[in-house]
Amino acid sequence: MDLKKIKALLADYYEGKTSREEEELLADFFKKRKVPPEMEADRLLFISLDEAAREDIPDKQFDDKLFDVIEELDNKKEPAGIRKIIYTVSGIAASLLLILGSYLFFIEDQINEIAWISEEYTEQETRLAYEEAKNALLMVSYVMNTGTEELEPLSKISEATRELEAIGKFHRGARELGVITKFDKTVTGLQK
Amino acid sequence: MDKDRFKLEVLPMKNKLYRFASGLLNDTEEAQDAVQEVFIKLWGLRSKLHTLNSTEAFVMKVTRNHCLDRIKARRTVSIEQTKSLVFTEAKEESIEKEVEVKDSVKFIRQLMDKLPEQQKMIMQLRDIEGCEFEEIEQSLDISINTIRVNLSRARKKLRELYLNSVDHGFEKNKSFTG
């Protein structure tokens, strides 16, 4: 390839207009041929780019090191999963124990208390206590009932709502008025 | 996607990703770390990978975002850190001047680092990885027209920088003659 052609290609190259093939031609030219001094900078550029393209990763053990790290990371993930399960299971177990523990604690307390009452008091005394409790409960129910008497006027409201049901009839009437649209249609028909 | 398929389909992109990351970050160590993290991320997404139109474009996108995040994080360093950074950078530069940059790859990386990020990424994908414009469009989410304009700017800028280096006698110190 003559120098004139190379120079033309080179001009295109600096404009970013050359194809890959043309750039390879140029690189090949500079690798093999001696060039005039005015093209020395171009030659240096092409030679350096070519050498830069052959530069490999310096660490020869790169692959091994990479997969060591990857394996380490993958292994770390697994125990984390097991740990999570252990945490959940032990959490559930702890809360169950807590519920069971408190249940037993209070229930046992109550059982003990009943046993203690029956031991300390005579039959007469317990019957008296029972009567007292019954009276107290009766009083409560009486007080509650006196309250409800004053709530009776509320039933008037429900009576009033029953009378409002007649509104439904109005709705039915409105539906029957739909016939008017037919009238509307005939009017538009006549206009046509 | 299991480990074997991952090794077969995704892992071979490592050198390409490394070059891309190292171009963006201008730090070979950090680039390796970045690529490892990208692969870990991809491993996490492995079930999703085969559903994509272009795995490669997606992988490039993940790498680009990861590197840009790293660059952003660098910018938010504290004043104390910046002080020490400026100090060490100045020191490193002087050492570099002493030994002269001999490695052509290192040199072009230094020059490319002067470009705006977008131009850097486009030039990396086109002139180093040999990607088609359509692939770059997918990887970087920018239109072909924008790609051409930025590529042209980046190439011209690099040529100018090389011209300066030639004028300053860089070629006499270089170990690469091609």
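## Helices and overall make-up

Helices (H or I, at least four residues) are DSSP runs, numbered from the N terminus. By that numbering, B:Asp141 is found in the loop between helix 9 (133-140) and helix 10 of chain B. The structure described here is a predicted model.

Chain A has eight helices and zero strands, and its pattern along the sequence reads α-α-α-α-α-α-α-α. Of its 192 residues, 9% are buried. Chain B has eleven helices, again with zero strands, in the order α-α-α-α-α-α-α-α-α-α-α from the N terminus on. Among the 178 residues of chain B, 32% count as buried. When the contacts in chain B with a separation of 6 or more are considered, 67% of them come from residues 24 or more positions apart.

## The contact between the chains

The contact between the chains draws 29 residues from chain A and 35 residues from chain B. On the side of chain A that touches chain B, two or more residues each come from helix 1 (3-14), helix 2 (20-32), helix 3 and helix 4 (62-120) of chain A. Helix 3 gives the most to that side, with twelve residues. By class, the side of chain A that touches chain B comprises 16 nonpolar, two polar and eleven charged residues.

## Helix 3 of chain A

Helix 3 of chain A contains 14 residues, and the distance from its first C-alpha to its last is 20 Å, close to the 20 Å expected at 1.5 Å a residue. Its buried residues are A:Ala41, A:Asp42, A:Arg43, A:Leu44, A:Leu45, A:Phe46, A:Ser48, A:Leu49 and A:Ala52. Within chain A, these buried residues pack against helix 1 and helix 2. In chain B, they pack against helix 2 (14-25), helix 7, helix 8 (117-128) and helix 10 (144-167).

Two packed helices are described by the angle between their axes and the distance between the axes. For helix 3 (residues 40-53) of chain A and helix 7 (residues 104-112) of chain B, the axes come within 9 Å and cross at roughly 105°. Helix 3 of chain A is therefore roughly perpendicular to helix 7 of chain B, because angles of 65 to 115 degrees fall in that class. Helix 3 of chain A contributes A:Ile47, A:Ser48, A:Leu49, A:Glu51 and A:Ala52 to this contact, while helix 7 of chain B contributes B:Ser104, B:Val105, B:Phe107 and B:Ile108. Six nonpolar, two polar and one charged residues make up the contact of these two helices.

## The nonpolar core

In soluble globular proteins, nonpolar side chains tend to be buried together. In this model, the largest nonpolar core has 46 residues. Those with the most contacts inside the core are A:Leu45, B:Leu17, B:Ala21, B:Ala34, B:Val35, B:Ile122 and B:Leu158. The element that gives the most to this core is helix 3 (residues 28-44) of chain B, with seven residues.

Helix 8 (residues 180-191) of chain A has twelve residues, so at 1.5 Å a residue the helix should span 16 Å; its end C-alpha atoms are 17 Å apart, which agrees. Helix 8 of chain A is hardly covered, the count of buried residues among its twelve residues being zero.

A:Glu22 belongs to helix 2 of chain A. A:Glu22 has 14 other C-beta atoms within 10 Å and is therefore partly exposed. A:Glu22 and A:Asp12 are ten residues apart along the chain, and their C-alpha atoms are separated by 9.5 Å.

## Positive phi in two loops of chain B

Most residues other than glycine have a negative phi. B:Asn26 is not a glycine, yet its phi is positive, at about 55°. B:Asn26 lies in the loop between helix 2 and helix 3 of chain B. B:Asn26 counts as partly exposed because it has 16 C-beta neighbours inside 10 Å.

B:Asp141, also a residue other than glycine, has a positive phi near 60°. B:Asp141 has 10 C-beta neighbours inside 10 Å and so counts as exposed.

Technical notes
Residues are numbered from 1 along each chain as its sequence is written. Chains are lettered from A and ligands numbered from 1 in the order in which they are written. This is a predicted model: local features need pLDDT of at least 70, side-chain atom pairs count only at pLDDT 80 or more; totals for chains, interfaces and linings use all residues. Axes are lines fitted to C-alpha atoms, for helices over the stretch in contact, and angles run from 0 to 180 degrees between N-to-C directions. Angles under 35 degrees count as roughly parallel, over 145 as roughly antiparallel, 65 to 115 as roughly perpendicular and the rest as oblique. Two residues are in contact if their C-beta atoms, placed from the backbone, lie within 7 Å. Ala, Val, Leu, Ile, Met, Phe, Trp, Tyr, Cys and Pro count as nonpolar, Asp, Glu, Lys and Arg as charged, and the others, Gly among them, as polar. The expected span of a helix is 1.5 Å times one less than its number of residues. A residue is buried if 20 or more other C-beta atoms lie within 10 Å of its own, exposed if 12 or fewer, and partly exposed in between; C-beta atoms are placed from the backbone. A nonpolar core is a set of buried Ala, Val, Leu, Ile, Met, Phe, Trp, Tyr and Cys residues joined through C-beta atoms within 7 Å.
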